[in-house]
Amino acid sequence: RFFLHYADLTDSSSLAPLLYDIRPDEVYNLGAQSHVKVSFEVPEYTANVVATGALRLLEAIRRTGVRCRFYQASSSEMYGSAPAPQNESTPFHPRSPYACAKVFAHHVTVNYRESYGLHASCGILFNHESPRRGETFLTRKVTRAVARIRRGLQQKLYLGNLEARRDWGYAPDYTRAMWLMLQQDSPGDYVVGTGEVHSVREFVELAFAQADLDWRAHVEIDPRYYRPAEVDYLLADCSKARLVLGWEPSVTFGELVRIMVEADLNSPQIRASHDG
């Protein structure tokens, strides 16, 4: 019952025909160049996909007249250096081209909701992770390195700012929150997070401990991994999501780290490299 169709957020001519063909009940815009560090290197492309891409999709929905509910993946990165905890009323202070693009996409979604009556909701999701996280993202970079070090495939892991603090949760929990938003009679915007903050150092310590390793013997700081403009502290106040959606996270920070480390330790790819 799963069908894969092709379209491109940078090509408006591909979006309207797809909506006509499928006539979806719900549209979830999760498309992005979503790597913060990469957005500093390709800012124009990031804006084209993330910001203008959301506008193209919203305009395609409006022009086709397809009656669907729309979800926009907003991001905690939009808050940047805004004081924590951050909720739906906290002013945005984006600190990267990615975050700036997400702010535009967020506001244009609100604009289309208010201007054209679209059932369009924004989920301001804080960091959500799982074993499916891309290997270039911090959490997966750490857990994959732990598994490779444990298997004797590498010795060092190079990281940037260990003191950055984030509100980390489990991706399947957050996917459930996205779905719940589109089941509401009225659209709205919701912050989704755990309400707990942990440093990169804490994540690293727990991940290495999960494999009985001392992180201090393997982690080195490399200035190349520092951002041009750092985001130091992101902490969700998700009171609205808890009250209106009845949403609660089900996986703790420690459980999340364990799930990711165990998945990489048991990865067929890493096992094959070790056996080879």
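Does Trp-247 count as buried or exposed, and at what relative accessibility? In this predicted model, Trp-247 has 0% relative accessibility and therefore counts as buried.

**Figure 1. Overall view of the predicted model.** The protein comprises ten helices and ten strands. Its C-alpha atoms occupy a box of roughly 60 × 40 × 35 Å along the principal axes. For 276 residues, a compact globule would have a radius of gyration near 19 Å, and the value of 20 Å found for the protein agrees with this. Buried residues account for 50% of the 276 residues.

Figure 2. Phe-253, Leu-256, Val-257, Met-260, Val-261, Asp-264 and Leu-265 are the buried residues of H9. Viewed down the helix axis, these residues fall within an arc of 160 degrees, so they line one face of H9. An α-helix has 3.6 residues a turn, so residues three or four places apart point the same way.

Figure 3. The structure contains eight aromatic pairs. The ring centres of Trp-168 and Phe-253 are 5.9 Å apart with planes at 25 degrees, so this pair is stacked. Trp-168 lies in the loop between strands S6 and S7 and Phe-253 in helix H9, so the pair ties together parts 85 residues apart in sequence. Trp-168 and Phe-253 are both buried. The rings of Tyr-174 and Trp-247, with centres 5.7 Å apart and planes at 75 degrees, form an edge-to-face pair. This pair links Tyr-174 in helix H6 to Trp-247 in the loop between H8 and H9.

Methods:
Residues numbered from 1 in each chain as written. Predicted model: local features only at pLDDT ≥ 70, side-chain atom pairs only at ≥ 80, totals over all residues. Heavy atoms only, no water. Buried < 20%, exposed > 50% of the residue type's maximum accessible area, 1.4 Å probe, protein only. Helix = DSSP H or I, 4+ residues; strand = E, 2+ residues; numbered from the N terminus. Arc of directions from axis to C-beta. Rg over C-alpha atoms; globule rule 2.2 N^0.38 Å. Phe/Tyr/Trp six-rings, centres within 6.5 Å; stacked < 30°, edge-to-face > 60°.
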